[in-house]
Amino acid sequence: MVTTNSHQPCYPSIFKFITSHPTPTPTPTPTLPIISSSNFLINSPNFFLSNTMARKFGIFLTIFCILLTSCHADWNILNEQRTSSGLKISLKNFCESWRMNVELHNIRNYQAVPQECIAYIGKYMTSTQYQVDSERTISECILHLTTNCILEKDGKDSWIFDIDDTLLSSVPYYKKNGFGGNKPNETALEDWMSQGKGTALKHSLKLFNHLKELGVQIFLVSSRKEHLRSATVDNLVHVGFYGWKELILRSQEDECKNVQKFKAEARNKIISKGYRIVGIIGDQWSSIVGLPSAKRSFKLPNPMYYIA
């Protein structure tokens, strides 16, 4: 370690350095062109912007700065928020925590995605991460079938699928309707369903076909209403889902029941016919909770809406 004598002044050495390195001659500052009130020079003396164009550019720049400032202000406000324990959180932290607690069934009965999280949820539902999360669920289903599930192969092994956002994606609909940020509009959603525009979730189609190869009987139990049966069948077949045992939809009598009760009763009817339910998969907790239950239940991710 190098030490110095605190009583020895350092000014002479600094002065010697300065005097031995004369100040360089300053470079002349280039002369800027004079901008008149009517026009200004860009790069070429022959190129000018008119007063009208200059005003439009000024207006655009002003609006951009206002928007940038407001967004930055909102972001800073959220950055300054803290959890009950005093942990500083960002917008991403807040929305990811909200989504995770929806999937864990800690957050229930919400009517809409929080406004500040709409963009985040929309990004997630159209992201590679959503695909990875869904495919992992399907992988666990297949693992269950190959390791923990003994199939009798007597025609009575069965599996239950939900439909919306389990077999058919409704992301195209919600993409135009705020990714769950708007309160549910049953009329608009049923109109979209009646057009048969649902796209196949490829990971679920993989499981669907795998079950058929194993000889497992497939039941589709959906909270869709009976009047959508024809459109639902056409949509499913069109995108590759066919060969199921039965499609169970809500009749007028079932519409007064909550979805969880309706689906539990549907499972009871399946079991009463002698079938063993080796698995259930759905994107809503109401599709998989309640008695009677399957040997294993699997939940696909979907934070856009909640169905009780």
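## Buried cysteines

Cys141 is buried, with a relative accessible area of 0%. The model that shows this is a predicted one. Cys149 has a relative accessibility of 7% and also counts as buried, because the cut-off for that class is under 20%.

Cys117 is a further buried cysteine, and its relative accessible area is 0%. Its place in the chain is the loop between H3 and H4. Leaving aside residues up to four places away in sequence, Cys117 touches Phe94 and Cys95. Glu96 lies 21 residues from Cys117 along the chain, and the C-alpha atoms of Cys117 and Glu96 are separated by 8.7 Å.

## The disulfide

The structure holds 1 disulfide. Cys95 and Cys117 form this link, with their sulfur atoms 2.2 Å apart. The angle about the S-S bond is -90°, and the link of Cys95 and Cys117 is left-handed. Cys95 belongs to helix H3 (residues 91–103), while Cys117 sits in the loop between H3 and helix H4 (118–125), so the pair ties together parts that are 22 residues apart in sequence. Both Cys95 and Cys117 are buried.

## The sheet

An open sheet of 5 strands runs in the order S5-S4-S1-S6-S7, and its pairing is parallel. S5 and strand S7 (297–299) stand at the edges with a single partner strand each, so one side of each has no neighbour in the sheet. From one strand to the next, the twist averages 20°.

Strand S4 (residues 217–225) pairs with S5 in the parallel sense over 4 bridges. Phe219 stands opposite Glu246 in S5, and Lys225 has Arg250 of S5 as its bridge partner. H9 packs on the sheet, where it touches S4 and S5, and the direction of H9 makes about 140° with that of S5.

Strand S5 (residues 246–250) is mostly covered, with 4 of its 5 residues buried.

In soluble globular proteins, nonpolar side chains tend to be buried together. Here the largest nonpolar core has 27 residues, and those with the most contacts inside it are Trp159, Phe161, Leu207, Leu220 and Ile281. At least two residues of this core come from each of helix H5 (128–148), strand S1 (157–161), helix H8 (202–214), S4, S5 and strand S6 (276–282). Apart from this core lies another, of 24 residues, which includes Trp98, Tyr130, Val171 and Leu189.

Phe161 can be followed in more detail. Not counting residues up to four places away in sequence, Phe161 touches Thr166, Leu167, Ser204, Leu207, Phe208, Leu211, Ile218, Phe219, Leu220, Val221 and Ile281. Leu207, Leu220 and Ile281, which are among these contacts, are also listed with Phe161 as residues having the most contacts inside the largest core. Phe219, another of the residues that Phe161 touches, is the residue that stands opposite Glu246 in S5.

Technical notes:
Residues numbered from 1 in each chain as written. Predicted model: local features only at pLDDT ≥ 70, side-chain atom pairs only at ≥ 80, totals over all residues. Heavy atoms only, no water. Buried < 20%, exposed > 50% of the residue type's maximum accessible area, 1.4 Å probe, protein only. Pairing = 2+ DSSP bridges. Core = buried A, V, L, I, M, F, W, Y, C linked by side-chain atoms within 4.5 Å. Contact = heavy atoms within 4.5 Å. Disulfide = S-S within 2.5 Å. Axes fitted to C-alpha atoms, helices over the stretch in contact; angles between N-to-C directions.
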